[in-house]
Amino acid sequence: MDQSDFFEMTFYDNTVARWTMALGLTLLVGVGLRLFASLLIRHLAQIARRTQTDLDDLLIQLLRKTKVLFVFIVAVWAGSLLLNLTPRVETWIRQILMVGLLLQAAPSADGTLFTPTQSGGDASQKQRRRQ
């Protein structure tokens, strides 16, 4: 069996080549999302030092609270888009994505993220902290 035969083998209605591409996309999306969030946090932190509003601080907190599990779920969902999956499996993946989204959003929905003590209070408090 040569290499081309291996990549043409089929498992669960997808070739090994297709599974490999899906895995590659999953890794690319996972690493890409983490890198993008890290760069965005760094950029927003620089902006936040120069502004008096708390919106940038809030965005930084939201990005820092992004769970690794959520990034993993989004990455797997993205990789699964390349595969020929049964409707049942596609439904499971979408449902897991929705649960992950709800779990990710839960900390901000319960109000703890938006309290003045965590977000830095009003603009005058932020200005006093900088002095």
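In the second largest pocket, α2 gives the most to the lining, with four residues. The model is predicted: local features need pLDDT of at least 70, side-chain atom pairs count only at pLDDT 80 or more, and totals for chains, interfaces and linings use all residues. Residues are numbered from 1 along each chain as its sequence is written, and side-chain values use heavy atoms, with hydrogens and water left out.

**Overall layout**

- The chain has seven helices and two strands, where helices (H or I, at least four residues) and strands (E, at least two) are DSSP runs numbered from the N terminus.
- Along the sequence, these elements follow the pattern α-β-β-α-α-α-α-α-α.
- Of the 131 residues in the chain, 28% are buried; buried means under 20% relative accessible area, exposed over 50%, and partly exposed in between (1.4 Å probe, protein chains only).
- Among contacts (heavy atoms within 4.5 Å) with a separation of 6 or more, 66% join residues 24 or more positions apart.

**Second largest pocket**

- This pocket holds about 180 Å³ of space.
- A pocket is an open set of points on a 1 Å grid over the protein atoms alone, where a 1.4 Å probe fits, with protein on both sides within 12 Å along at least five of seven lines.
- Grid points are joined across faces, edges and corners, and the volume is the space filled by probe spheres set on the points.
- The lining, meaning residues with an atom within 4 Å of a point, consists of W19, A22, L23, T26, V76, G79, S80, L83, L85, V89 and I93.
- Elements that give two or more residues to this lining are α2 (16-50), α4 (68-80) and α5 (87-109).
- By class, the lining has eight nonpolar, three polar and no charged residues.
- In this classification Ala, Val, Leu, Ile, Met, Phe, Trp, Tyr, Cys and Pro are nonpolar, Asp, Glu, Lys and Arg are charged, and the others, Gly among them, are polar.

- I41, L44, A45, A48 and I60 make up the largest nonpolar core, which has five residues.
- Helix α2 supplies the largest share of this core, four residues.
- A nonpolar core is a set of buried Ala, Val, Leu, Ile, Met, Phe, Trp, Tyr and Cys residues joined through side-chain atoms within 4.5 Å.
- In soluble globular proteins, nonpolar side chains tend to be buried together.
- A37 is also in helix α2 and is buried, at 16% relative accessible area.

- Y12 lies in the loop between β1 (10-11) and β2, and D13 lies in the loop between β1 and β2.
- Y12 is not a glycine, yet its phi is positive, near 50°; its relative accessibility is 73%, which counts as exposed.
- D13, also not a glycine, has a positive phi of about 65° and is exposed at 56% relative accessibility.
- N14, in strand β2 (residues 14-15), is buried, at 4% relative accessibility.
- Apart from neighbours within four places in sequence, N14 is in contact with M9, W19, L83, N84 and L85.

**Aromatic pair**

- The structure holds one aromatic pair, formed by F6 and F7 in an edge-to-face arrangement at 5.4 Å centre to centre and 75° between the planes.
- Rings of Phe, Tyr and Trp (its six-membered ring) pair if their centres lie within 6.5 Å; planes under 30 degrees apart count as stacked, over 60 as edge-to-face and the rest as tilted.
- F6 is partly exposed at 39% relative accessible area, and F7 is partly exposed at 27%.
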